[in-house]
Amino acid sequence: MGRKKTRGEILEAKTRLIGVAGIGHSVGCTHFSIMLLNYLAGFLRRRASLLEWNSSGDLGRIEKVCTGAVRGCKPYRVLDADYYKCAGPEEMREALSRKYEDILIDFGNLEDGSYEEFLRCEKQFLVASFSEWQQDCFREFVMKNDQGKKRSWQYLAVFGSEETRKEFMRRFGVFTERIPFSADAFSVTKECGIFFRELVPEL
């Protein structure tokens, strides 16, 4: 992957904000965020954290499962990464003060009101689904947002058939990457490593 950064270079590096948002509910946004976080922190050995910028409460449940308790302090650590549950501006300031190399922000369903914050991120990933009961939500989003052709947006999906994905691209011109299936979001498989290396090049 090229030359390793020195400690001085790492300390001077600019924090990269990565936004992950779902087009609809239950499309795999949080699962993908944790997969990406563990690739950055565990595989690339970058200082990384995940902020839960939504009201799902998923990171609180993960804390209980992984640490055995839900504490008031933020963040908590699992493996090589930090997790900020129920995050907002205060948690963002704290995360920035810790000088992480990567801060991932899980916005949950983008339609729930985090649009402006999402647009401020350096990299923006939109997770959708091609499942029969979720296709309409993706279609409506693309039509409402100028055919979904914002250059900085990258569309991803794990659910639904390959035929539907190709047909959607043909009809709307929106390319959607297929997220490799991973039963354990905390484990980086070889397939996931190759996928993320192309999706998020190392700084």
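Helices (H or I, at least four residues) and strands (E, at least two) are DSSP runs, numbered from the N terminus. The views below come from a predicted model, in which local features need pLDDT of at least 70 and side-chain atom pairs count only at pLDDT 80 or more, while totals for chains, interfaces and linings use all residues. Residues are numbered from 1 along each chain as its sequence is written, and side-chain values use heavy atoms, with hydrogens and water left out.

View 1. Eight strands form an open sheet in the order β3-β4-β2-β5-β1-β6-β7-β8, with mixed pairing, where two strands count as paired if DSSP finds at least two bridges between them. Because β3 (76-78) and β8 (176-178) stand at the edges with a single partner strand each, one side of each is left without a neighbour in the sheet. Neighbouring strands of this sheet are turned against each other by 25° on average, direction ignored; the axes behind such angles are lines fitted to C-alpha atoms, for helices over the stretch in contact, and angles run from 0 to 180 degrees between N-to-C directions.

**View 2. Strands β1 and β5.** Seven bridges link strand β1 (residues 16-22) with strand β5 (residues 102-109) in the parallel sense, and A21 stands opposite G108 in β5.

**View 3. Helices on the sheet.** Helix α6 (residues 135-144) packs on the sheet and touches β6 (123-128), β7 (153-157) and β8, its direction making about 170° with that of β7; contact here means heavy atoms within 4.5 Å. Helix α8 (residues 190-199) lies across β6, β7 and β8, and runs at about 165° to β7.

**View 4. The enclosed strand β2.** Five of the five residues of strand β2 (residues 48-52) are buried, so this strand is largely enclosed by the rest of the structure; buried means under 20% relative accessible area, exposed over 50%, and partly exposed in between (1.4 Å probe, protein chains only). In a regular strand the side chains alternate between the two faces of the sheet. Both faces of β2 are covered, with A48, L50 and E52 buried on one side and S49 and L51 buried on the other. Strand β2 runs parallel to β5, joined by five bridges, and L51 has I105 as its bridge partner in β5. Three bridges join β2 to strand β4 (residues 81-84), again in parallel, and L50 stands opposite Y83 in β4.

**View 5. Two cysteines.** The structure holds zero disulfides, a disulfide being a pair of cysteine sulfur atoms within 2.5 Å. C29 counts as buried at 8% relative accessibility, whereas C86 counts as exposed at 51%.
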